[in-house]
Amino acid sequence: MPTVTTNQPISKPMSDSQSPAAPDLDPTDTFLRRHIGPDANDQREMLRLLGLASLDALTDHAVPEAIQTRTALPLPKGLGEHELLDALRTIANRNEVFRSCIGMGYHGTVTPGVILRNVLEDPRWYTQYTPYQAEISQGRLEALLNFQTMVADLTGLPLAGASLLDEATAAAEAMGMCFTAARQKKPAFFASDDCHPQTIAVMRTRAAGLGIELVVAPVAHAGDALATGTVCGVLVQYPSTDGRIECYETLATQVHDAGALLVCATDLLALTLIRPPGEWGADIAIGSAQRFGVPMGLGGPHAAFIACTDAHARRMPGRIIGVSKDGQGNVAYRMALQTREQHIRREKATSNICTAQALLAIIAGFYGVYHGPEGLKAIALRIRALTQTLRAGLLSAGCEIAEDLVFDTLRVKPRGDVQEVLAAAREKKINLRDFGDGTVGVTLDESSDRTLVADLLAAFGGNANEDIDALASNARLEMPSVFARSTPFMQHAVFNKYHSETEMLRYITELANKDLSLAHAMIPLGSCTMKLNATTEMLPITWPEFANMHPFAPPEQWRGYGELFKSLESQISAMTDLPAVSLQPNAGAQGEYAGLLAIHAFHKANRAKGLDAEQRDVCLIPTSAHGTNPASAIMAGMRVVPIVCDGKGNIDLDDLRAKAAQHAAKLGAIMITYPSTHGVFEADIKEMCAIVHEHGGQVYMDGANMNAQVGLTSPGAIGADVCHLNLHKTFCIPHGGGGPGVGPIAVAEHLAPYLPGHPLFPGMPCNGDQTKSAIGPVAAAPYGSALILTISWAYIAMMGADGLKDATQVAILNANYMARRLRDDFNILYTGPGGLVAHEFILDCRPFEKSAGVKIDDVAKRLMDYGFHGPTMSWPVPGTLMVEPTESESKAEIDRFCDAMIAIRVEIAAIERGEMPKDDNPLMHSPHTMQMVGADDWPHVYSRETAAWPVPSLRQRKFWPACARVDNAYGDRNLFCTCPGMEELAG
């Protein structure tokens, strides 16, 4: 056998004639060797099993020659970890953090240290995946249930979701719920013009795609709109964007009499003091939980919330955590009503929401737990007292304030020149909101204090030496009873037990210990790319220069962010071979949506120019595509036409040609994933792109599998016009238990004018002189979840061009090594030339149900007994497991997983041979909890040893599932989505 080599250089002895080499002065804390799991020796062993000599040889065998770029990425050499932090510190120092009084749904907040250190900065929380495997996810499921319960109580509505992407997106989703509730027969939606402007802007974008007429006008005109009989819903802001607290009870009656629904955008902290929307007739409540301990971060990520009446439970977008029971009859939590998800509904889905903001919702929920109902009310009362104190001082200074019933926001007409007031505030490092009509908005928050009030008074021309406490004693703090909240909230035990730091720390730790994360084991979920989220990458997100920036602060105050955005856009462009980039989409599905909107706008412009006779709105989508693809296409106003796949898992070229020709006049796009969702590099990918282009369509590439492309090929080289990237996959933003995510899009030059803009920030690169052609915003903030873009930038900067290519090659190596180890025991469903796969592969478990009565769930649950999270289950092919190891897993960990799978296959064989009964075996009753194994009664024919310690290594390293198998059907039949009540305190 030839000598096996890797791409890593091997030192050679120096001859006598050679002069001594110069000492290496580069940093020793290089990142590549920390990020990639298998070292050089491991790689040699793995390649030897595959019969290949090098990583390049593997690439040549697995990746079609026609798409290989064979050129180095135009990126610099990787930085050492210390160098990286120094570079980011320099960038951060270019940001200037002012005290923000802008408001508009973004507030300063105080993240309790116990939550900051033990949740946001703890990999046991941020490296978890979406809790599809409930038995090893009970901790975050309980934390998310706390969030839901808090939201439901504060809004006065019975059912809340487990978070959405941002407040504006939540409003758009609520509009979609209203449209669906009206069976799409009422095509208009009314939004009050005193809602936050970014919310209205995102709703305009969404309404255009769904064919909804969005009417924006003063709320007094809602009755006229309702009288037309075409309005499916009405949105109000409570309190309004300029701070007013209005009564909408009469409006609610009008809305319902017209057969429409009332949506209320609201503030959770304000709802501790004012009547909840559910009490005065709102059907749906939405908003942001950002001020519950989550930094502003120039716009995100933050957890939005949505709550509704029981009648609309099955229309609610996103995830809902419900209470069920496990196989032992104990209370257990799970994701409820999963048949609503777009994975199943596809083009019939009413939302493309795939990820959410789980980590941020968990933080907000813990914030509620730590402060409890009295603590939250105390924070709200203090903010209102500061606001009313400021109001009294401003009135004394000769300012005009029309409204006295407010919570935290004042709309002020200064006695002098507005611009002078704004300039005076900036001199004191305070940002105010300029309404543009001679009035100024001032919003206070938890971080506000006496000093800020005094500085504000001085900026408005008041007494710079005002006695703030004396002023407070004269402030009007009473709340009229008709507006005041009278109902109790958050009376559940969990919100009234953990108010000391010791108890809170132990509660957080108790929940964290129930969940399997990357801190415990590999999570080999196909299409999810659960790779290392390095500590160095994560550190900067809590730096105040990044964390405490308002999204609508003047750009000159966040020059560091601007530099980072420009650099990251350049990095993405280099890796995709697509010249223009938008960082705005704050989830992968939002990237899909934005990319399709750009294509739709491009075709619309061409039709307006007379280049197309008909609107190109047909989107071809393979039947193997992720469910978000057809859902996003529908939301973008396109019609989905499916393309079948052949027996080898590839797109059927004949069907593609036929459908492209059939719809040539209206062909808008094709959505393809590469490598395919079946885990293979399709050799005909360039021809597929050419077919679509030939018939006038655009090629949209889903970047979910970009981890198999970087440095080897690119969407642009393959022929794509648009590609979205999942920065929470390939580029190391953590999944956080189901969010955050970021889904930037890269586009070809001809689509650049149609990238998302933002009306509140016309200086965005995609706006400029092209404002009229840019599509509307798809996220509330101009740069989406800006705070966590630092993570991906850090990863790329530390890996460098060579490191990124190495990561891709090792990801492919790890997958092929696993497939080779498992192929004698499991059928690898799809492979490419030479039996090779891409960076993931599918194990066919369908025969086991017939031969042994073993279902795919049984295999996934049994893996928990071996200490693993199961691979992606029954997608894209029912009855299969899709495995993706990523480059970050070591050979030892990969072998441990393979050993577990082989051992499970042995257990299945024992059932097939009749040595183990079909109705009593370790797969059927998995997972086995500590309580089950330790019980006096053991009713099974197999031993406790077989149940809990099927391999010897588990004696040294054992992760125990927190509950027995969860009864999903019971949970859906008995839908219950809030915490147990206060009566538990009595126990």
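**Note on the cores, helix 29 and the cysteines**

1. F565 touches L298, W558, L583, Y783, A786 and L789, leaving aside residues up to four places away in sequence; contact means heavy atoms within 4.5 Å. This is a predicted model, in which local features need pLDDT of at least 70 and side-chain atom pairs count only at pLDDT 80 or more, while totals for chains, interfaces and linings use all residues. Residues are numbered from 1 along each chain as its sequence is written, and side-chain values use heavy atoms, without hydrogens and water.

2. F565 is also among the residues with the most contacts inside the largest nonpolar core, which has 222 residues. Such a core is a set of buried Ala, Val, Leu, Ile, Met, Phe, Trp, Tyr and Cys residues joined through side-chain atoms within 4.5 Å. Buried means under 20% relative accessible area, exposed over 50%, and partly exposed in between, with a 1.4 Å probe and protein chains only. Helix 27 (residues 789-822) gives this core its largest share, 20 residues. Another core, of 47 residues, lies apart from it and includes A191 and C308.

3. In helix 29 (residues 856-865), 9 of the 10 residues are buried. Helices (H or I, at least four residues) and strands (E, at least two) are DSSP runs, numbered from the N terminus. Among the elements covering the buried residues of helix 29 are strand 25 (880-883) and helix 30 (891-912). Just after helix 29, G867 has a positive phi of about 90°.

4. The structure has 0 disulfides, a disulfide being a pair of cysteine sulfur atoms within 2.5 Å. The sulfur of C898 is too far for a bond because the closest cysteine sulfur, in C845, is 13 Å away. C898 is buried at 0% relative accessible area, and C963 is buried at 5%.
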